[in-house]
Amino acid sequence: MLIVGLGNPTKEYENTFHNIGYLTIDALAKRLGKKIIKAECKSLTSVKTINGEKVVLAKPYTYMNLSGCAVKELMAKYKQQESDLLVIVDDIDIPRFSVRTRPFGSAGTHNGMKNIVDMIGTSNFKRMRIGIGQQGYDLASYVLSKIPSEDRKTFDATCEKVSLLLEQYIMTKDFDKLSRESNVINKC
């Protein structure tokens, strides 16, 4: 199983809307007693064997728009199929703090997802979108802006809820349950 949280590396992008995938992977790693520190395949990773299966958590450091390069390398190294891949991303098209989990679908307006689809040659992989909404800014400026302090606790709580559901998913491999339970988080 390969779970990838998208974001941008470096301090400049910490705690930005575009890094909600990173924040979620960090919360999941903490829950699993791991740290995302191993550099490989253009990513920072952590690997844990759970129920006899390797679970790879990854944060590509290729910058968002080239995430597919890292995902493709990780899939090859760990011999993962599209069905083993789950990508966590921010989404401006759904309300803030809400979550949508799907077994496959389009890349939508997300350039990181578009690059993954282009690089691995399919959109048939699992994805989890965490809503950041859009607040009247230029798109690029908005996604790269810092999460306001008044919203930070709610985003952190959302990442924690998602990490708990992901931990359960890793244990059970019940994607339908993950979808049902994550899709009602902070639903407006």
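Q: Before we start, what does "partly exposed" mean here?
A: Buried is under 20% relative accessible area and exposed is over 50%, so partly exposed is whatever falls in between. Keep in mind that this is a predicted model.

Q: OK, so is Asp-26 buried, exposed or partly exposed?
A: Asp-26 comes out at 33% relative accessibility, so it's partly exposed.

Q: Which side chain does Asp-26 meet in a salt bridge?
A: That's Lys-59, at 2.9 Å from N to O. Lys-59 sits in strand 4 (residues 53-60) and Asp-26 in helix 1 (residues 20-31), so the bridge ties together parts 33 residues apart in sequence.

Q: And Lys-59, buried or exposed?
A: Buried, because its relative accessible area is 11%, under the 20% cut-off.

Q: How many salt bridges does the structure hold?
A: Eleven. Another one pairs Glu-73 with Lys-42, at 2.2 Å from N to O. Glu-73 is in helix 2 (residues 67-77), while Lys-42 is in the loop between strand 2 (38-40) and strand 3 (43-50), 31 residues away.

Q: How accessible are Glu-73 and Lys-42?
A: Glu-73 is partly exposed at 31%, and Lys-42 is partly exposed too, at 36%.

Q: Switching over to Lys-173, what does its side chain bridge to?
A: Glu-53, at 2.7 Å from N to O. Lys-173 is in the loop between helix 5 (149-172) and helix 6 (175-182) and Glu-53 is in strand 4, so this pair connects parts 120 residues apart in sequence.

Definitions and conventions:
Residues are numbered from 1 along each chain as its sequence is written. This is a predicted model: local features need pLDDT of at least 70, side-chain atom pairs count only at pLDDT 80 or more; totals for chains, interfaces and linings use all residues. Side-chain values use heavy atoms; hydrogens and water are left out. A salt bridge is a side-chain nitrogen of Lys or Arg within 4 Å of a carboxyl oxygen of Asp or Glu. Helices (H or I, at least four residues) and strands (E, at least two) are DSSP runs, numbered from the N terminus. Buried means under 20% relative accessible area, exposed over 50%, partly exposed in between (1.4 Å probe, protein chains only).
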